[in-house]
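Please keep the sequence and structure open beside them.

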Amino acid sequence: MGEVTNVSEYEAIAKQKLPKMVFDYYASGAEDQWTLQENRNAFSRILFRPRILIDVSKIDMSTTVLGFKISMPIMIAPTAMQKMAHPEGEYATARAASAAGTIMTLSSWATSSVEEVASTGPGIRFFQLYVYKDRNVVAQLVRRAERAGFKAIALTVDTPRLGRREADIKNRFTLPPFLTLKNFEGLDLGKMDEANDSGLASYVAGQIDRTLSWKDVKWLQTITKLPILVKGVLTAEDTRIAVQSGAAGIIVSNHGARQLDYVPATISALEEVVKAAQGRVPVFLDGGVRRGTDVFKALALGASGIFIGRPVVFSLAAEGEAGVRKVLQMLRDEFELTMALSGCRSLKEITRDHIVADWDTPRTQQPRYNPRL
Ligand code: FNR
């Protein structure tokens with residue numbers, strides 16, 4: 001096996017190393033997986049309009065997210081059950097994020113608890129929340145995350161039921177018996193029963209609150225002072241309601257194409273959300289980000305930063321903490337290079353004019369160069 005030179009290469013390595021049930025759970029999207037492909041394809045329909053002859057000897061990629069200074073606008077999305085990928089699981093991810101000077105979001109369904117992840121050392125971390133039917137469970141968990149020093153809640157709003165991931169159904173996916181959903185262990189909700197279809201889908205059907213609505217976003221603000229990011233917005237309509245409901249930020253996400261199939265790629269939905277947010281709250285994006293050029297395109301369309309999901313679990317499977325570090329470093333290096341080759345020295349120099357998207361109105365045909373003129 002040669003040297004890994006880009007983020008996408010970790011998927012094939014993970015596929016070789018992991019049990020089929022685990023790899024399929026990480027890799028799959030919902031149903032026809034149209035959105036899964038589209039999350040990648042849509043990036044390839046956005047092209048650059050680079051500016052030249054600008055002194056790019058110094059590039060600053062640092063930024064501030066909810067008041068927290070980070071080294072780059074590349075952060076880690078919540079992905080469940082990371083100890084299936086590597087024995088160090090979420091510990092490794094937390095250390096890699098901290099070493100890179102960026103934010104890790106811990107999943108509700110992590111195989112390490114909020115306290116355990118906090119014990120890995122300093123680092124800016126967000127906690128992703130699934131709202132259980134039993135609201136005492138939710139209130140306790142949010143309090144624990146707050147005490148463990150987590151800085152924001154990413155409230156996932158696209159999962160009243162689990163999307164239909166057919167590989168998980170065929171494989172009868174369930175959490176391996178030596179692992180638990182660590183945050184829920186003491187609450188007797190840490191195990192996932194085997195089911196006739198996907199064990200996770202059954203768990204969600206049993207525990208997750210399908211009645212969740214905008215009033216609960218308000219309710220959440222009564223039980224925590226932490227800022228709330230609404231994760232899973234894809235339309236201008238919901239952006240406006242999220243802002244009115246007190247969200248501190250929005251994550252444009254289709255859950256890595258694992259929920260409703262045939263929603264647009266997140267990069268295609270981003271601009272609509274950015275316009276509707278009217279600069280009142282920051283807008284972030286996740287879904288299909290695999291290159292520094294993707295990061296640049298998202299920022300040019302108005303995102304304040306991006307999150308990566310699958311690259312973390314695949315690189316964890318391949319090389320543990322070193323793998324996640326390498327993923328963050330490769331994306332950082334590629335993004336820096338993209339900025340340099342586009343003539344941008346800081347994030348605020350990245351503008352909409354640095355890209356052209358397929359939905360932009362075509363420029364009128366200009367007359368051809370004529371040497372006799
Ligand atoms: C996820 N995602 C997710 N989201 C969430 O809010 N809570 C969770 O527990 C999980 N778990 C999870 C597991 C796995 C294996 C995947 C691939 C995804 C969605 C995740 O936060 C993010 O939205 C996507 O992963 C982003 O897309 P990419 O980067 O994977 O293409």
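**Notes on the model**

1. The side chains of Thr93 and Gln82 are joined by a polar contact of 2.7 Å, a term used for a pair of N or O atoms within 3.5 Å where, within protein, one must be able to donate a hydrogen and the other to accept it, and where residues adjacent in sequence count only if both atoms are side-chain atoms. Thr93 belongs to helix H4 (residues 89-100); helices (H or I, at least four residues) and strands (E, at least two) are DSSP runs, numbered from the N terminus. Thr93 counts as buried because its relative accessibility is 0%, buried being under 20% relative accessible area, exposed over 50% and partly exposed in between (1.4 Å probe, protein chains only). Not counting residues up to four places away in sequence, Thr93 touches Ile76, Gln82, Met104, Val312, Leu316 and Val324, where contact means heavy atoms within 4.5 Å.

2. A word on the basis of these values: this is a predicted model, in which local features need pLDDT of at least 70 and side-chain atom pairs count only at pLDDT 80 or more, while totals for chains, interfaces and linings use all residues. Residues are numbered from 1 along each chain as its sequence is written, and side-chain values use heavy atoms, with hydrogens and water left out.

3. Around the ligand there are 22 residues, the closest being Pro78, Ser107, Thr156, Asp286 and Arg290; a residue is counted here if one of its heavy atoms lies within 4 Å of the molecule. An oxygen atom of the ligand lies 2.7 Å from a backbone N or O atom of Pro78, and a nitrogen atom of the ligand is 3.1 Å from a polar backbone atom of Ala80. From Asp286, a polar side-chain atom lies 2.8 Å from an oxygen atom of the ligand.

4. The whole structure holds 11 aromatic pairs, that is, rings of Phe, Tyr and Trp (its six-membered ring) with centres within 6.5 Å, called stacked if the planes are under 30 degrees apart, edge-to-face if over 60 and tilted for the rest. One of them is the stacked pair of Phe23 and Phe314, at 5.6 Å centre to centre with 25° between the planes. This pair links distant parts of the chain, with Phe23 in helix H2 (residues 20-27) and Phe314 in helix H13 (residues 310-342), 291 residues apart. Both Phe23 and Phe314 are buried.

5. Trp109 and Tyr203 form an edge-to-face pair, 6.2 Å centre to centre and with 80° between the planes. Trp109 lies in the loop between strand S5 (104-106) and helix H5 (114-118) and Tyr203 in helix H8 (residues 199-207), so the pair ties together parts that are 94 residues apart in sequence. Ring pairs also link Trp109, Tyr130, Tyr132, Phe184 and Tyr203 into a cluster.

6. The largest nonpolar core has 107 residues, and those with the most contacts inside it are Met81, Trp109, Leu129, Tyr132, Ile267 and Phe335; such a core is a set of buried Ala, Val, Leu, Ile, Met, Phe, Trp, Tyr and Cys residues joined through side-chain atoms within 4.5 Å. Its largest share, 13 residues, comes from H13.
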